[in-house]
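Please read it alongside the structure.

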Amino acid sequence: MKAIRLHPNSDEKHPYSPSNPAPASALHLDTIPIPKPGASGELLVQVKASTIIRDTLTWPETYEREYITPGNDFSGIVAEVYNKESKFHVGDEVFGMLATDRPGSWAEYAIVLEGEVALKPPSLTWEEAAALPLSGMTAFEALFVHAGVAVPRDEQALRNFGGRADLLSEEGKNEKGKRVLITGAAGAVGMYVVQLARLAGLHVVAATSSNQRNAEFLRGLGADETLEYTALQADTHRNAYDVVIDTVGGKPLVNAWGWVRDGGNLVSVDSSSFNFVEEHTGRGIARDGIKASFFIVEGGHQALNALARFAKLEILKVFVLDVYPLEKTREAYEIANGRLSGRGKMILSI
């Protein structure tokens, strides 16, 4: 099979590492054997699409072994199962995300675990399905796991829901009136938090660096209000939000302690803010009585199945920026790590 592999540095004195990241030119299209499922719960998936994630070549997991095949998000077709009693069958169309320590989706085939996949919604293309897992599950866990918002489950209510409070599910009615502020709302994760918060019945306030550029887009996703960060400095926003979901870190995350109400939830998914609670506590910024946390997405079938259900009902929009063949992975990676002007994920079509 064809697979993208990261080749080691020819200069053995300076091996590639997170502190000495490999350039895109170290990514090579190789021909290697097709892997075989070798343990209970493993599936062989014929990969149809994967995502190019920014900064992949700076991740520690990328250097855990030589000639690694990167790639985590994927969509594809089950080609082989290890367990005959598996809930998945050969020919099933699936999507999901490989664990960070087990990448491998930049290839024609990949070994995945049953808990890492769900059936692909028929309404999504291969490219759209591959674009959803990492960003979608991060948004799902931020809102429904770490912020404690109730997951909307009433399918008929969700199908009918168009902003009318009388059509909310019981879970949504319980959340009605709660206010959520999302920083970086037009970004890769933020755009899904906006949509999921709306489906959950919250009053959604989307923070953006430019209303001119993003307001119409965010309102189309379900935001009730869109605000630039400067507007959030007004006293009316102090202690005004039950939940703040931060995706950008920096000054907005510092200010978020003043925006969230007593007893509320402050959740950050910004990777550079992994120790923000400890750091902000030491600087005297943190407030008592607020549940604050940073997390790295765990993923799994529960979140995937929920996202698949929302997509199947056509109440969750998925965004693809551009599509490249596997042979142009280097070019796609360079573009993904540049200044992108569109919305959505860079996709490898395989």
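How many aromatic pairs does the count come to by this rule? The rule pairs rings of Phe, Tyr and Trp (its six-membered ring) with centres within 6.5 Å; planes under 30 degrees apart are stacked, over 60 edge-to-face, the rest tilted. The count is 3 aromatic pairs. The rings of F140 and F144 are edge-to-face, because their planes stand at 65 degrees, with centres 4.9 Å apart.

This is a predicted model: local features need pLDDT of at least 70, side-chain atom pairs pLDDT 80 or more, while totals for chains, interfaces and linings use all residues. Residues are numbered from 1 along each chain as its sequence is written, and side-chain values use heavy atoms, without hydrogens and water.

F140 and F144 share helix α2 (residues 133-146), 4 residues apart, about one turn of the helix. Helices are DSSP runs of H or I, at least four residues; strands are runs of E, at least two. The rings of W257 and F276 are tilted, because their planes stand at 50 degrees, with centres 6.1 Å apart. This pair links distant parts of the chain: W257 is in helix α7 (residues 250-259) and F276 in helix α8 (residues 276-282), 19 residues apart.

Buried means under 20% relative accessible area, exposed over 50%, partly exposed in between (1.4 Å probe, protein chains only).

| Residue | Relative accessibility | Class |
|---|---|---|
| F140 | 4% | buried |
| F144 | 9% | buried |
| W257 | 3% | buried |
| F276 | 1% | buried |

Charges also sit over rings (NZ of Lys or CZ of Arg within 6 Å of the ring centre and within 35 degrees of the ring normal). K120 lies over the face of W126, 5.1 Å from the ring centre. R343 lies over the face of F217, at 3.9 Å.
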